[in-house]
2 protein chains.
Amino acid sequence: MPLLSDIGEDALVTRLIAGLPCEASSVRVAAGDDCAEVLAPLPGQSLLLKTDVLVEDVHFTRAMPPELVGHKALARAISDIGAMGGLPQHGLVTLVLPGDVEVAWLESLYAGLRRCAGAYGVSIVGGETSRGRQLMVNVALTGWVETGRAVLRSGGQVGDAVLVTGWLGGSFASGRHLSFEPRVHEARWLATNAEIHAMMDLSDGLGSDLPRLARASGCEASVEATLLPCHTGCTPEQAWSDGEDYELLLAVPMSSLATLQAAWTARFPHLALSCIGQLVAPGTGSLPAFARQGGWDHFAR
Amino acid sequence: MPLLSDIGEDALVTRLIAGLPCEASSVRVAAGDDCAEVLAPLPGQSLLLKTDVLVEDVHFTRAMPPELVGHKALARAISDIGAMGGLPQHGLVTLVLPGDVEVAWLESLYAGLRRCAGAYGVSIVGGETSRGRQLMVNVALTGWVETGRAVLRSGGQVGDAVLVTGWLGGSFASGRHLSFEPRVHEARWLATNAEIHAMMDLSDGLGSDLPRLARASGCEASVEATLLPCHTGCTPEQAWSDGEDYELLLAVPMSSLATLQAAWTARFPHLALSCIGQLVAPGTGSLPAFARQGGWDHFAR
């Protein structure tokens, strides 16, 4: 099996960019030049920008299926574009690679990236490679959203219902952190069909992310542990703390809750939309007892 | 001196995003949400996309001044936007960080990023942090260019004069690889005032980059070693092979060479624009004797 150090940089790039999904109508210059050149958003739309990194032994290991690592690398960024109510468009991939990586491993990584890109309408239009001691995949992704319609974290109001899609917990142990489907269609439906005050995706875990949404909205949160939608076999504490769920967290007016949940169930009958509590005034929040530690902090000792 | 592991991720991000240059008129949502939201290019303009990574012990060491490492991280991407004839606009920064990095080092890195961004009209609108064993700074950058006016690598023609700006060689040894100024103004002037068939920036070195431009244009190159503009104290071989020059490499019609060089000297009297050879038909190229090894390959053994 040839290693990266056997074939060199230019040959690797030639292999990886072959067959990249690239919607010709919006891409003027794809991988291979100094930059990519793509069409601007349509009139009335703004540009969304996101960058997201996977680091070996932090977000994945080389023993995991490389197709799924590639899927995850792009799906995480798509999830963020979706959580703003936008549609993903053009991606760039940066690889930092030890020389001992098998070329076949990288080609499988790219196969996963390509499949995910195709499924969500993303064109991969370029990227970069560098050597390094620790394998790293960074995705930079653009999206389009109607100007004035992006759903931020900061729009939550005191009294809003706090909802999450799907089920939480056990993502890393189950392998779901590799194979999840980003909620871009669901988020787009929510942004279009409901009055969403605030929304974000759950990457670091409810315990880290809910306080961020509440703080950005000038609120605190009250959450009931028994209301957390737990994956089978998971405790509420795991649902709170495990992270990597890539579900949506949103705040909606309490008055619209029943109507929204009925419409949601009709549209997405196989995906839960659970009310787990509400936003409250600063100083009055109440979180489950196990919430003391919060969720994931990359740098905490 | 506090370390990253002492203060944690949220506190780090709060410190780093304070005071980021952000041109309010084009930025609707800056750092702190799932994505950044920025204005689309003006009508008649396309979007340029670039990603570029600096890896510790490959592109910099922690003993180097962190302000200059931050400058380099952004200036490299600006150089690529410039080499397409575009103007840089919005940047995202991904940091992969060992826990033992000093917070002050990162703040200085960001000071360098901020100063470079301010000097070139770039708004830093977001980013991401992750832990890792090897320090890594990735910049994703957008630019705008008039649709149909981007200067590619692939437009060179047989008979074109091959030119480079400035002087080459010795960049790493001299520290210029950290402090260089990207040739965005010069590239913009060239794209606007001259008939440029092809252009790229010199990052991996003339020995790697010139064959790429020639190949993309369906040509080979003939270069005369004695014509290479060498930095003081550098040999033509160093000018060919050292890399990290961040000068412009361009192909122009031979018939326009004299006029272009006269106009260039009037506009940029302190920067050389040297003709080093020409593009020729495949199979007829001739390179200096020391060109056998080409330039920099990240993965060559």
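## Basis of the description

This is a predicted model, in which local features need pLDDT of at least 70 and side-chain atom pairs count only at pLDDT 80 or more, while totals for chains, interfaces and linings use all residues. Residues are numbered from 1 along each chain as its sequence is written, chains are lettered from A and ligands numbered from 1 in the order in which they are written, and side-chain values use heavy atoms, with hydrogens and water left out.

## A stacked ring pair in chain B

The rings of Phe180(B) and Tyr246(B) are stacked, because their centres are 3.9 Å apart and their planes stand at 15°. Phe180(B) belongs to the loop between helix 6 (176-179) and helix 7 (184-193) of chain B, and Tyr246(B) to the loop between helix 9 (236-241) and strand 10 (248-252) of chain B, so the pair ties together parts that are 66 residues apart in sequence. Helices (H or I, at least four residues) and strands (E, at least two) are DSSP runs, numbered from the N terminus.

## The interface of chains A and B

In chain A, 73 residues are in contact (heavy atoms within 4.5 Å) with 73 residues of chain B. The two chains bury about 6100 Å² between them, 53% of it on carbon and sulfur atoms; this buried area is the accessible area (1.4 Å probe) lost on putting the two parts together, summed over both.

Six salt bridges are counted between chain A and chain B, each being a side-chain nitrogen of Lys or Arg within 4 Å of a carboxyl oxygen of Asp or Glu. Arg76(B) forms a salt bridge with Glu128(A), with the closest N and O atoms 3.4 Å apart. Strand 3 (residues 45-55) of chain A provides ten residues, the largest share of the side of chain A that touches chain B.

## Strand 3 of chain A

Strand 3 of chain A runs antiparallel to strand 2 (residues 36-38) of chain B, and three bridges join them, where pairing requires at least two bridges found by DSSP. Within this arrangement, Leu48(A) has Glu37(B) as its bridge partner.

Over all chains, the structure holds 27 salt bridges. Lys50(A) and Asp80(A) meet through their side chains in a salt bridge (3.6 Å, N to O), which links strand 3 with helix 3 (residues 66-83) of chain A, the two residues lying 30 apart.

Conventions
Rings of Phe, Tyr and Trp (its six-membered ring) pair if their centres lie within 6.5 Å; planes under 30 degrees apart count as stacked, over 60 as edge-to-face and the rest as tilted.
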